[in-house]
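Please open the structure in a viewer and keep the sequence panel at hand.

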Amino acid sequence: MARINDNYLKLQAGYLFPEISRRVSEFTQTNPQSSVIRLGIGDVTKPLVPAVLKAFHDGVDEMANSATFHGYGPEQGYNWLAQVIIDKAYKPLGVDLKPSEVFISDGSKCDSANILDIFDLGNKVAIGDPVYPVYNDTNVMVGRSGQMNDKGYYDGLVYMPCTEENSFNPDFPVENVDLVYLCSPNNPTGTVTTREQLKAWVDYAIKNDVVILFDAAYEAFITEADIPHSIYEIEGAKQCAIEFRSFSKTAGFTGVRCGLTVVPEELLGTTSKGEKYSFNKLWNRRQCTKFNGVSYPVQKAAAAVYSDEGWQQTKEIIDFYMENARIIREGLTEAGIQCYGGVNAPYIWLKTPQGMSSWDFFDKLLNECFVVGTPGSGFGPSGEGYFRLSAFGERENVETAVQRIKEKWGK
Ligand code: MLT
């Protein structure tokens, strides 16, 4: 008799974004004439830029010729891609890494879930609330939690509320923990962790022997000077942090799939015998066993993001999305809706008008404005009464969505 992993049954509903899609497709089936604007899931709408597309095509053409064909690549990714990332994305920040510390993958969602393989189940984990649902749900799936309690929290996990009072930056956990997830620029609140705040986290982690899982998937959207793009800009972070990055939103790779995880060689954990051991070696072992690497043409395309031409074209698209963010933030603020984020991140976190619940606002927005967003409560109990709008969309759609919201709720 094959028993199931009962931990999955602890998860209350479907994963947030498929659940939203389900509700939207139900709505569009019954209202086929309505022009629905989707600002829910953070999915890019602009195509790959020409320099990246060319490299992608070249990579495919190489696969068509036995002299240039590539079979299995290194499980960790090609060295030349790791080196380009180090030279173009980390060195300008004053961060020096070795290619052996950079692991290329099919995305930061998968990595931030898979990383749990190299941590003992007995580790205590702290996550923000609200938070990118993957951190919470994957810890439930591996069995690190009990059931969900009546407040919407899973027993056994430690939650760090991110509220208006703490400007959506979590306070240190009150109890002892071993792992802390941080995400900056933050999904869903669109807010950022400042250099001083990040330094305080690194100091806390070193002092308390904590590993920080730092999700920097949206770092390319930072517009303000002196906001850290990488946790390794902070002294000592290589001893206490793993960083995730992604080409998904940065370069339109949501359907192409490429990301990376940095596991510094200095980062050590403790074995059951009390000896120190390298997390880098464990992650390497894990990837070699469970992953066969990202396809060659995709890695060629990813490297082209950092060519001079590729980056200039990519940056134009990032700026385009950030102009959308400005239009949403300013438009909604004019309508008297309290907004956060949207300056260093492609997400706007708004307080629902008239104290509506997040899902009530979702339904109202969909039914009356034909606009799709993401209910804040889907990201955790402290997200109740909030709502997330994504800046990924075509300009006309973004402007129309803002107009419809203003007409409905404007003062
Ligand atoms: C989001 O909308 O939060 C993201 O698109 C989800 C993801 O990146 O997996």
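**First stop: the ligand**

Select the ligand and the residues around it: Phe 17, Ile 41, Gly 42, Lys 109, Tyr 132, Asn 187, Tyr 218, Lys 249, Tyr 347 and Arg 388; a residue is listed if one of its heavy atoms lies within 4 Å of the molecule. This is a predicted model, in which local features need pLDDT of at least 70 and side-chain atom pairs count only at pLDDT 80 or more, while totals for chains, interfaces and linings use all residues. Residues are numbered from 1 along each chain as its sequence is written, and side-chain values use heavy atoms, with hydrogens and water left out.

Now display the polar atoms. An oxygen atom of the ligand lies 2.6 Å from a polar backbone atom of Gly 42. For the side chain of Tyr 132, the distance from an N or O atom to a ligand oxygen is 2.5 Å. An N or O atom in the side chain of Arg 388 is 2.7 Å from an oxygen atom of the ligand. Of the 260 Å² of accessible area that the ligand has on its own, the protein covers 86% (Shrake-Rupley method, 1.4 Å probe; for residues, only the protein chains shown count as cover).

**Second stop: Asn 187**

Select Asn 187, in the loop between strand S5 (179-183) and helix H6 (195-208). Helices (H or I, at least four residues) and strands (E, at least two) are DSSP runs, numbered from the N terminus. Is Asn 187 buried or exposed? Asn 187 counts as buried because its relative accessibility is 4%, where buried means under 20% relative accessible area, exposed over 50%, and partly exposed in between (1.4 Å probe, protein chains only). Its side chain makes a polar contact of 2.6 Å with the side chain of Arg 388; such a contact is a pair of N or O atoms within 3.5 Å, where, within protein, one must be able to donate a hydrogen and the other to accept it, and residues adjacent in sequence count only if both atoms are side-chain atoms. Not counting residues up to four places away in sequence, Asn 187 also touches residues including Val 131, Tyr 218 and Phe 379 (contact: heavy atoms within 4.5 Å).

Move to Arg 388 in S15, which stands opposite Thr 374. S14 and strand S15 (residues 386-390) pair in the antiparallel sense over 2 bridges; two strands pair if DSSP finds at least two bridges between them. Colour the open sheet of 4 strands, which has the order S11-S12-S15-S14 with antiparallel pairing. Its edge strands, each pairing on one side only, are strand S11 (339-341) and strand S14 (374-375).

Next, colour the open sheet with the order S2-S8-S7-S6-S5-S3-S4, in which the pairing is mixed. The edge strands here are strand S2 (102-105) and strand S4 (158-161).

Zoom in on S2, which pairs with S8 in the antiparallel sense over 4 bridges. Phe 103 stands opposite Thr 261 in S8. Both faces of S2 are covered: Val 102 and Ile 104 on one side, and Phe 103 and Ser 105 on the other, are all buried.

**Last stop: Arg 23**

Finally, select Arg 23 in helix H1 (residues 16-30). Arg 23 is partly exposed, with a relative accessible area of 26%. Leaving aside neighbours within four places in sequence, Arg 23 is in contact with Trp 359, Phe 362, Asp 363 and Leu 366.
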